[in-house]
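Colleague: Could you take me through one part of this model closely, residue by residue where that helps? I would rather have one connected account than a list.

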Amino acid sequence: MRVTTRTIAEKKSRGEKITSLTAYDFTFAKLLDEAGIDIILVGDSVSNVIQGNETTLPVTLDEMIYHTKAVVRGAGTYSLVICDLPFMSYQTNAEEGFRNAGRVMKETGAGAVKLEGGKRVAATVKQMTDNGIPVCGHLGLTPQSINQFGTYRTRGTNAEEAQMLKDDAMALQDAGAFAVVLEKIPAELAAEITSMLKIATIGIGAGNGCDGQILVLHDMLGLNEDFHPRFVRKYLNLSTDVREALKRYGEDIRSGSFPNKDESY
Ligand code: KIV
């Protein structure tokens with residue numbers, strides 16, 4: 001059975017952990033779906049991981065739609081696919097955000113959208129959720145605001161910031177969001193927000209007290225060698241294996257051993 005926003009709510013009420021990873025293409029989405037990952041996020045981290053940009057700001061709505069369509073085709077039977085709304089596709093006003101979220105839902109087949117911010121975007125979230133578009137919020141470290149903060153440091157480390165995060169989380173819940181990503185905040189604060197909310201929290205660098213966890217796929221597979229934050233657990237060292245395979249392929253061609261008789265017609 002396909003995971004829906006209702007499944008996510010049920011998992012929270014049963015105390016069952018929610019699994020989530022990012023993906024940006026058909027092939028990986030299929031693997032995630034087959035592995036029973038509950039949520040596949042087509043994150044705007046596609047800007048860093050796939051497009052090679054320094055920040056998430058350059059990726060466009062058309063590009064997010066392109067990647068999400070491929071992921072939806074891969075996530076054939078199980079995972080809920082969420083598409084990130086990119087920078088400047090919802091910040092101007094609620095109406096524009098609503099139209100752009102509508103485009104994502106209509107053109108991609110995704111089950112929900114995600115956007116960054118709390119109180120600031122609550123009216124936008126409400127317009128979406130009032131009109132049948134499920135929304136996941138994103139609080140804490142919000143990479144689309146990197147130019148405002150100037151650093152990727154942990155958020156919510158002082159009382160004022162912690163209170164703001166709690167208020168923002170509540171505002172998202174009141175606006176009808178079905179879940180909220182909590183990025184790079186103290187574990188204790190994330191656990192407090194999780195127990196305060198009826199909706200699910202999905203943590204990344206937010207400790208073990210969240211309802212679920214998410215990582216960027218390329219980080220946990222060890223494909224991104226330049227990024228080592230403490231919250232990333234590497235399950236593979238894929239870049240080493242891929243580099244080795246590519247070297248061997250080149251050697252085999254140069255030595256004339258590829259293709260052999262069995263690999264020819
Ligand atoms: O874009 C992304 O990959 C994300 C996750 C880090 C939550 O927003």
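**From a loop into the helix packing**

Modeller: Thr60 sits in the loop that runs between α3 (46–49) and α4. The model is predicted, so local features need pLDDT of at least 70 and side-chain atom pairs count only at pLDDT 80 or more, while totals for chains, interfaces and linings use all residues. Residues are numbered from 1 along each chain as its sequence is written, and side-chain values use heavy atoms, with hydrogens and water left out.

Thr60 has a relative accessible area of 35% and is therefore partly exposed; buried means under 20%, exposed means over 50%, and partly exposed is in between (1.4 Å probe, protein chains only). From Thr60 to Ser47 the C-alpha to C-alpha distance is 9.0 Å, across 13 residues of sequence.

Helix α4 covers residues 61–74 and packs with α5 at an angle of about 30°, their axes being 9 Å apart. Such axes are lines fitted to C-alpha atoms, for helices over the stretch in contact, and angles run from 0 to 180 degrees between N-to-C directions. On the α4 side the contact (heavy atoms within 4.5 Å) is made by Leu61, Asp62, Ile65, Thr68, Lys69 and Val72, which meet Asn100, Arg103, Val104, Glu107 and Thr108 of α5. By class these residues are four nonpolar, three polar and four charged. Nonpolar here covers Ala, Val, Leu, Ile, Met, Phe, Trp, Tyr, Cys and Pro; charged covers Asp, Glu, Lys and Arg; the others, Gly among them, are polar.

Helix α5 (residues 94–108) also packs with α6 (residues 122–130), at an angle of about 45° and with axes 9 Å apart. The two helices are therefore oblique to each other, the class left over once under 35 degrees is called roughly parallel, over 145 roughly antiparallel and 65 to 115 roughly perpendicular. The crossing of α5 and α6 is right-handed. Ala94, Glu95, Gly97, Phe98 and Ala101 of α5 make this contact with Ala123, Thr124, Gln127 and Met128 of α6. These contact residues comprise five nonpolar, three polar and one charged.

Two residues of the loop between β3 and α5 deserve a look. Met88 lies in this loop and has a positive phi of about 70° although it is not a glycine. With a relative accessible area of 42%, Met88 is partly exposed. Leu85 is in the loop between β3 (80–84) and α5 as well, but its relative accessible area is 0%, so Leu85 is buried. Leaving out residues up to four places away in sequence, Leu85 touches Leu61, Tyr90, Ala101, Val104, Val113, Lys114, Leu115, Met128 and Gln144. By contrast, Gly36 lies 49 residues from Leu85 in sequence and 24 Å from it in space, C-alpha to C-alpha.

In soluble globular proteins, nonpolar side chains tend to be buried together. A nonpolar core is taken here as a set of buried Ala, Val, Leu, Ile, Met, Phe, Trp, Tyr and Cys residues joined through side-chain atoms within 4.5 Å. The largest one has 55 residues, of which Leu85 and Leu182 touch the most other members. Helix α8 (residues 159–174) supplies the largest share of this core, five residues. A separate core of 16 residues lies apart from it and includes Ile18, Leu41, Cys136 and Ile214.

Helix α8 has a packing partner in α9 (residues 187–196): their axes come within 10 Å and cross at roughly 30°. That makes α8 roughly parallel to α9. The crossing is right-handed. Ala162, Leu165, Lys166, Ala169 and Met170 of α8 meet Leu189, Glu192, Ile193 and Met196 of α9. That contact has seven nonpolar, no polar and two charged residues.

Lys184 is not a glycine, yet its phi is positive, about 50°. With 24% relative accessibility, Lys184 counts as partly exposed.

Methods. Helix = DSSP H or I, 4+ residues; strand = E, 2+ residues; numbered from the N terminus. Left-handed = near helix turned anticlockwise from the far one by under 90°.
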